[in-house]
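Biologist: I'd like to learn how to read a helical model by eye. Could you take me through it, feature by feature?

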Amino acid sequence: MKLRATLIGFAAILMWSFLALFTSASGRMPPFQLSAICFAIGSIPGIAVLILNPSRLALLKQPAKVWLTGIAGLFGYHFLYFTALRNAPAVEAGLVAYLWPLLIVVGSALLPGERLRWYHVTGAFAGLCGTFLIVARNGIDFDGAYAVGYGAAFLSAFTWSGYSLLTRRFDAVSTDVVTGFCLATSILSLFCHLGLETTVWPATGFEWLAVAGLGLLPVGAAFYAWDYGVKNGDIQILGAASYAAPLLSTLILTLFGFAEPSWRIALACLLVTGGAVLAAQDMFRRKVQPAVAAE
(Lines give C-alpha, C1' and ligand atoms only; values in the text may rest on other atoms or scores of the structure.)
Protein backbone atom coordinates (compact mmCIF):
# COMPACT_ATOMS: atom_id res chain seq x y z
CA MET A 1 0.00 0.00 0.00
CA LYS A 2 2.75 2.45 0.98
CA LEU A 3 4.87 1.53 -2.06
CA ARG A 4 1.89 2.03 -4.39
CA ALA A 5 1.08 5.41 -2.85
CA THR A 6 4.73 6.49 -3.10
CA LEU A 7 4.76 5.56 -6.80
CA ILE A 8 1.58 7.60 -7.31
CA GLY A 9 3.41 10.51 -5.67
CA PHE A 10 6.26 9.96 -8.14
CA ALA A 11 3.70 10.35 -10.93
CA ALA A 12 3.06 13.91 -9.72
CA ILE A 13 6.78 14.68 -9.91
CA LEU A 14 6.89 13.33 -13.46
CA MET A 15 3.93 15.50 -14.46
CA TRP A 16 5.52 18.60 -12.87
CA SER A 17 8.58 17.99 -15.04
CA PHE A 18 6.46 18.99 -18.07
CA LEU A 19 5.49 22.32 -16.48
CA ALA A 20 8.28 24.35 -18.10
CA LEU A 21 7.74 22.79 -21.55
CA PHE A 22 3.99 23.38 -21.59
CA THR A 23 4.41 26.87 -20.13
CA SER A 24 7.00 27.79 -22.76
CA ALA A 25 4.68 26.54 -25.49
CA SER A 26 1.57 28.28 -24.12
CA GLY A 27 2.39 31.74 -25.49
CA ARG A 28 2.39 35.04 -23.63
CA MET A 29 -0.61 34.60 -21.35
CA PRO A 30 -0.03 36.38 -17.98
CA PRO A 31 0.67 34.03 -15.04
CA PHE A 32 -2.52 34.62 -13.05
CA GLN A 33 -4.70 34.30 -16.14
CA LEU A 34 -2.86 31.08 -17.00
CA SER A 35 -3.28 29.85 -13.42
CA ALA A 36 -7.02 30.62 -13.42
CA ILE A 37 -7.59 28.70 -16.65
CA CYS A 38 -5.34 25.77 -15.79
CA PHE A 39 -6.78 25.21 -12.33
CA ALA A 40 -10.29 25.38 -13.81
CA ILE A 41 -9.26 22.63 -16.25
CA GLY A 42 -7.58 20.73 -13.43
CA SER A 43 -10.84 20.59 -11.48
CA ILE A 44 -12.72 18.92 -14.37
CA PRO A 45 -11.63 15.30 -13.61
CA GLY A 46 -12.71 15.70 -10.00
CA ILE A 47 -16.02 17.25 -11.02
CA ALA A 48 -16.60 14.36 -13.45
CA VAL A 49 -16.04 11.85 -10.64
CA LEU A 50 -18.50 13.69 -8.41
CA ILE A 51 -21.12 13.79 -11.17
CA LEU A 52 -20.75 10.07 -11.87
CA ASN A 53 -20.82 9.25 -8.16
CA PRO A 54 -22.89 11.93 -6.35
CA SER A 55 -22.48 10.12 -3.02
CA ARG A 56 -18.88 11.35 -2.96
CA LEU A 57 -20.12 14.92 -2.56
CA ALA A 58 -20.41 14.16 1.14
CA LEU A 59 -16.60 13.79 1.22
CA LEU A 60 -16.27 17.52 0.48
CA LYS A 61 -17.73 18.32 3.88
CA GLN A 62 -14.52 18.90 5.80
CA PRO A 63 -13.39 21.11 8.71
CA ALA A 64 -12.40 24.68 7.88
CA LYS A 65 -8.74 23.91 8.66
CA VAL A 66 -8.65 21.38 5.80
CA TRP A 67 -10.02 23.91 3.30
CA LEU A 68 -7.76 26.68 4.56
CA THR A 69 -4.70 24.44 4.29
CA GLY A 70 -5.56 23.28 0.76
CA ILE A 71 -6.43 26.70 -0.65
CA ALA A 72 -3.47 28.37 1.06
CA GLY A 73 -1.20 25.63 -0.29
CA LEU A 74 -2.28 25.75 -3.93
CA PHE A 75 -3.15 29.41 -4.32
CA GLY A 76 -0.65 30.73 -1.77
CA TYR A 77 2.27 28.92 -3.34
CA HIS A 78 1.47 30.08 -6.87
CA PHE A 79 0.76 33.65 -5.74
CA LEU A 80 4.11 33.85 -3.94
CA TYR A 81 5.98 32.09 -6.75
CA PHE A 82 4.61 34.43 -9.41
CA THR A 83 5.36 37.42 -7.15
CA ALA A 84 8.94 36.17 -6.83
CA LEU A 85 9.33 35.93 -10.60
CA ARG A 86 7.95 39.46 -11.00
CA ASN A 87 10.36 40.96 -8.46
CA ALA A 88 13.61 39.00 -8.85
CA PRO A 89 15.60 37.30 -11.63
CA ALA A 90 14.05 33.94 -12.52
CA VAL A 91 17.29 32.01 -11.87
CA GLU A 92 17.77 33.19 -8.30
CA ALA A 93 14.05 33.13 -7.49
CA GLY A 94 13.73 29.59 -8.80
CA LEU A 95 16.68 28.39 -6.76
CA VAL A 96 15.27 29.84 -3.53
CA ALA A 97 11.76 28.53 -4.25
CA TYR A 98 13.11 25.03 -4.81
CA LEU A 99 14.11 24.69 -1.18
CA TRP A 100 10.72 23.04 -0.56
CA PRO A 101 11.82 19.40 -1.11
CA LEU A 102 14.57 19.85 1.48
CA LEU A 103 12.09 21.45 3.89
CA ILE A 104 9.74 18.49 3.41
CA VAL A 105 12.46 15.96 4.20
CA VAL A 106 13.63 17.84 7.30
CA GLY A 107 10.13 18.78 8.45
CA SER A 108 8.91 15.19 8.13
CA ALA A 109 10.73 14.42 11.38
CA LEU A 110 7.95 16.33 13.13
CA LEU A 111 5.25 14.00 11.78
CA PRO A 112 3.89 11.13 13.91
CA GLY A 113 5.54 7.80 13.13
CA GLU A 114 8.36 9.32 11.07
CA ARG A 115 12.09 9.38 11.81
CA LEU A 116 14.61 11.60 10.09
CA ARG A 117 17.83 9.77 9.26
CA TRP A 118 21.16 10.98 7.91
CA TYR A 119 20.58 9.53 4.45
CA HIS A 120 17.28 11.41 4.05
CA VAL A 121 19.04 14.73 4.66
CA THR A 122 22.12 13.77 2.63
CA GLY A 123 19.94 12.67 -0.28
CA ALA A 124 17.95 15.89 -0.16
CA PHE A 125 21.14 18.01 -0.11
CA ALA A 126 22.50 16.06 -3.09
CA GLY A 127 19.29 16.85 -4.93
CA LEU A 128 19.60 20.51 -3.95
CA CYS A 129 23.14 20.61 -5.37
CA GLY A 130 21.92 19.04 -8.60
CA THR A 131 19.12 21.58 -8.82
CA PHE A 132 21.65 24.38 -8.24
CA LEU A 133 23.68 23.21 -11.26
CA ILE A 134 20.56 23.35 -13.44
CA VAL A 135 19.01 26.58 -12.19
CA ALA A 136 22.31 28.46 -11.89
CA ARG A 137 23.72 27.52 -15.29
CA ASN A 138 24.07 31.22 -16.19
CA GLY A 139 25.48 32.27 -12.83
CA ILE A 140 24.04 33.48 -9.52
CA ASP A 141 24.07 37.07 -8.31
CA PHE A 142 21.84 37.78 -5.31
CA ASP A 143 21.12 41.52 -5.23
CA GLY A 144 19.51 43.34 -2.30
CA ALA A 145 17.40 45.29 -4.78
CA TYR A 146 15.40 42.11 -5.32
CA ALA A 147 14.73 41.47 -1.63
CA VAL A 148 10.96 41.40 -2.15
CA GLY A 149 11.30 38.75 -4.84
CA TYR A 150 13.71 36.63 -2.82
CA GLY A 151 11.46 36.91 0.23
CA ALA A 152 8.44 35.79 -1.78
CA ALA A 153 10.39 32.84 -3.19
CA PHE A 154 11.49 31.81 0.31
CA LEU A 155 7.90 32.04 1.58
CA SER A 156 6.68 30.01 -1.40
CA ALA A 157 9.08 27.21 -0.45
CA PHE A 158 7.74 27.22 3.12
CA THR A 159 4.16 27.38 1.84
CA TRP A 160 4.38 24.31 -0.38
CA SER A 161 6.43 22.25 2.07
CA GLY A 162 4.04 23.24 4.88
CA TYR A 163 1.03 22.30 2.74
CA SER A 164 2.56 18.92 1.91
CA LEU A 165 3.41 18.15 5.55
CA LEU A 166 0.03 19.29 6.87
CA THR A 167 -1.72 17.25 4.17
CA ARG A 168 -0.05 14.16 5.65
CA ARG A 169 -1.79 14.94 8.96
CA PHE A 170 -5.13 14.93 7.12
CA ASP A 171 -4.62 11.37 5.90
CA ALA A 172 -8.26 10.50 6.60
CA VAL A 173 -9.48 13.28 4.27
CA SER A 174 -10.44 12.07 0.79
CA THR A 175 -8.44 13.30 -2.21
CA ASP A 176 -11.81 14.43 -3.64
CA VAL A 177 -11.34 17.73 -1.78
CA VAL A 178 -8.50 18.62 -4.17
CA THR A 179 -11.26 19.37 -6.67
CA GLY A 180 -12.49 22.13 -4.37
CA PHE A 181 -8.95 23.40 -3.82
CA CYS A 182 -8.44 23.69 -7.60
CA LEU A 183 -11.74 25.53 -8.09
CA ALA A 184 -10.99 27.98 -5.28
CA THR A 185 -7.47 28.58 -6.63
CA SER A 186 -8.90 29.21 -10.09
CA ILE A 187 -11.35 31.79 -8.75
CA LEU A 188 -8.74 33.59 -6.62
CA SER A 189 -6.30 33.60 -9.55
CA LEU A 190 -9.02 35.12 -11.74
CA PHE A 191 -9.50 37.97 -9.24
CA CYS A 192 -5.71 38.56 -9.19
CA HIS A 193 -5.64 38.56 -12.98
CA LEU A 194 -8.49 41.07 -13.28
CA GLY A 195 -6.82 43.38 -10.76
CA LEU A 196 -3.18 43.05 -11.80
CA GLU A 197 -2.88 41.92 -15.41
CA THR A 198 -3.95 42.58 -18.99
CA THR A 199 -5.77 39.69 -20.65
CA VAL A 200 -3.81 37.91 -23.40
CA TRP A 201 -5.28 34.87 -25.17
CA PRO A 202 -3.30 32.10 -26.92
CA ALA A 203 -2.62 33.01 -30.54
CA THR A 204 -2.64 29.51 -32.07
CA GLY A 205 -4.26 26.13 -31.64
CA PHE A 206 -0.89 24.72 -30.55
CA GLU A 207 -0.73 27.23 -27.69
CA TRP A 208 -4.26 26.24 -26.63
CA LEU A 209 -3.15 22.58 -26.60
CA ALA A 210 -0.23 23.54 -24.35
CA VAL A 211 -2.62 25.33 -21.97
CA ALA A 212 -4.90 22.27 -21.94
CA GLY A 213 -1.87 20.06 -21.24
CA LEU A 214 -0.91 22.26 -18.30
CA GLY A 215 -4.41 22.06 -16.83
CA LEU A 216 -4.75 18.31 -17.28
CA LEU A 217 -1.30 17.26 -16.03
CA PRO A 218 1.13 19.49 -14.03
CA VAL A 219 -1.56 21.91 -12.83
CA GLY A 220 -4.27 19.27 -12.62
CA ALA A 221 -3.81 15.55 -12.14
CA ALA A 222 -0.45 16.11 -10.44
CA PHE A 223 -2.12 17.66 -7.39
CA TYR A 224 -4.47 14.70 -6.97
CA ALA A 225 -1.54 12.30 -7.25
CA TRP A 226 0.59 14.35 -4.84
CA ASP A 227 -2.23 14.54 -2.29
CA TYR A 228 -2.64 10.77 -2.32
CA GLY A 229 1.11 10.17 -2.29
CA VAL A 230 1.98 12.37 0.69
CA LYS A 231 -0.99 11.04 2.69
CA ASN A 232 -0.31 7.35 2.14
CA GLY A 233 3.25 7.02 0.82
CA ASP A 234 6.78 7.67 2.11
CA ILE A 235 6.91 11.45 2.38
CA GLN A 236 10.67 11.56 3.00
CA ILE A 237 11.41 9.67 -0.19
CA LEU A 238 8.95 11.83 -2.12
CA GLY A 239 10.56 14.97 -0.74
CA ALA A 240 14.04 13.93 -1.84
CA ALA A 241 12.80 12.59 -5.19
CA SER A 242 11.08 15.92 -5.91
CA TYR A 243 14.45 17.28 -6.99
CA ALA A 244 14.04 15.11 -10.07
CA ALA A 245 11.41 17.57 -11.37
CA PRO A 246 13.83 20.36 -12.44
CA LEU A 247 16.25 17.76 -13.80
CA LEU A 248 13.59 16.00 -15.87
CA SER A 249 12.21 19.38 -16.91
CA THR A 250 15.62 20.42 -18.22
CA LEU A 251 16.05 17.11 -20.06
CA ILE A 252 12.61 17.48 -21.66
CA LEU A 253 13.34 21.08 -22.69
CA THR A 254 16.63 19.89 -24.20
CA LEU A 255 14.87 17.06 -26.04
CA PHE A 256 12.36 19.46 -27.58
CA GLY A 257 15.01 22.03 -28.50
CA PHE A 258 14.29 24.63 -25.81
CA ALA A 259 17.68 24.12 -24.08
CA GLU A 260 21.20 22.98 -24.95
CA PRO A 261 22.84 19.84 -23.46
CA SER A 262 25.84 20.41 -21.19
CA TRP A 263 28.08 18.79 -18.59
CA ARG A 264 25.99 20.45 -15.87
CA ILE A 265 22.98 18.36 -16.87
CA ALA A 266 25.02 15.14 -16.72
CA LEU A 267 26.44 15.98 -13.28
CA ALA A 268 23.04 17.13 -12.04
CA CYS A 269 21.60 13.81 -13.19
CA LEU A 270 24.12 11.93 -11.05
CA LEU A 271 23.47 14.12 -7.99
CA VAL A 272 19.68 14.03 -8.22
CA THR A 273 19.46 10.32 -9.05
CA GLY A 274 22.05 9.37 -6.43
CA GLY A 275 20.35 11.52 -3.80
CA ALA A 276 16.95 10.00 -4.54
CA VAL A 277 18.34 6.45 -4.35
CA LEU A 278 20.10 7.26 -1.07
CA ALA A 279 16.96 8.74 0.45
CA ALA A 280 14.88 5.79 -0.79
CA GLN A 281 17.01 3.04 0.75
CA ASP A 282 14.29 2.33 3.32
CA MET A 283 12.04 1.32 0.44
CA PHE A 284 14.71 -1.00 -0.97
CA ARG A 285 15.29 -2.58 2.44
CA ARG A 286 11.58 -3.24 2.91
CA LYS A 287 11.51 -4.90 -0.49
CA VAL A 288 14.57 -7.09 0.14
CA GLN A 289 13.94 -8.18 3.73
CA PRO A 290 10.74 -10.17 3.05
CA ALA A 291 12.53 -12.01 0.24
CA VAL A 292 15.41 -12.88 2.58
CA ALA A 293 13.01 -13.98 5.28
CA ALA A 294 11.17 -16.19 2.80
CA GLU A 295 14.35 -18.14 2.12
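**Reading the helices**

Modeller: Let's start with helix H13, which is mostly covered: 9 of its 12 residues are buried. Keep in mind that this is a predicted model.

Biologist: Which residues of H13 are the buried ones?

Modeller: They are Ala244, Ala245, Pro246, Leu247, Ser249, Thr250, Ile252, Leu253 and Thr254.

Biologist: And how do I check the length of H13 against what a helix should span?

Modeller: Count 1.5 Å a residue. The 12 residues of H13 (residues 244–255) should span 16 Å, and the end C-alpha atoms are 16 Å apart, which agrees. Just after H13, look at Gly257, which takes a positive phi of about 85 degrees.

Biologist: OK, next one. How do I tell whether a helix has a buried face?

Modeller: Here's the general idea: an α-helix has 3.6 residues a turn, so residues three or four places apart point the same way. Now try H14 (residues 263–279), where the buried residues are Ile265, Ala268, Val272, Gly275 and Ala279. Looking down the axis of H14, you find them within an arc of 100 degrees, so they line one face of the helix.

Biologist: Which exposed residues sit on the face of H14 turned away from the buried side?

Modeller: Trp263 and Leu270. As for length, H14 has 17 residues and reaches 24 Å from first C-alpha to last, close to the 24 Å expected at 1.5 Å a residue.

Biologist: What about H1, which residues are buried there?

Modeller: In H1, the buried ones are Ala5, Thr6, Gly9, Ala12, Ile13, Met15 and Trp16. Down the axis of H1 these fall within an arc of 165 degrees, so they too line one face of the helix. The length works out as well: the 15 residues of H1 (residues 2–16) should span 21 Å, and its end C-alpha atoms are 21 Å apart, which agrees.

Biologist: Good. Now I want to see helices against each other. What do I look at?

Modeller: Two packed helices are described by the angle between their axes and the distance between the axes. Take H5 and H9: they pack at an angle of about 160 degrees, with axes 8 Å apart. H5 and H9 are therefore roughly antiparallel to each other, and H5 passes H9 in a left-handed crossing.

Biologist: Which way does H3 run relative to H5, roughly parallel or roughly antiparallel?

Modeller: Helix H3 (residues 31–42) and H5 pack at about 155 degrees, with their axes 11 Å apart. That makes H3 roughly antiparallel to H5. The crossing of H3 past H5 is right-handed.

Biologist: And how does H7 sit on H9?

Modeller: Helix H7 (residues 100–107) packs with H9 at an angle of about 40 degrees, and their axes are 8 Å apart. H7 and H9 are therefore oblique to each other, with a right-handed crossing.

Biologist: Let's go down to side chains. How many salt bridges does the structure hold?

Modeller: There are 2. In one of them Asp176 pairs with Arg56, the closest N and O atoms being 2.6 Å apart. Asp176 lies in the loop between H9 (147–169) and H10 (177–196), and Arg56 in the loop between H4 (44–52) and H5 (64–87), so the pair ties together parts that are 120 residues apart in sequence.

Biologist: How covered is each partner? I'd take under 20% relative accessible area as buried.

Modeller: With that cut-off, Asp176 counts as buried at 9% relative accessibility. Arg56 is partly exposed, with a relative accessible area of 29%.

Note on methods: Residues are numbered from 1 along each chain as its sequence is written. This is a predicted model: local features need pLDDT of at least 70, side-chain atom pairs count only at pLDDT 80 or more; totals for chains, interfaces and linings use all residues. Side-chain values use heavy atoms; hydrogens and water are left out. A salt bridge is a side-chain nitrogen of Lys or Arg within 4 Å of a carboxyl oxygen of Asp or Glu. Helices (H or I, at least four residues) and strands (E, at least two) are DSSP runs, numbered from the N terminus. Buried means under 20% relative accessible area, exposed over 50%, partly exposed in between (1.4 Å probe, protein chains only). The expected span of a helix is 1.5 Å times one less than its number of residues. The arc is that of the directions from the helix axis to the C-beta atoms. Axes are lines fitted to C-alpha atoms, for helices over the stretch in contact, and angles run from 0 to 180 degrees between N-to-C directions. Angles under 35 degrees count as roughly parallel, over 145 as roughly antiparallel, 65 to 115 as roughly perpendicular and the rest as oblique. A crossing is left-handed if the near helix is turned anticlockwise from the far one by less than a right angle, and right-handed if clockwise.
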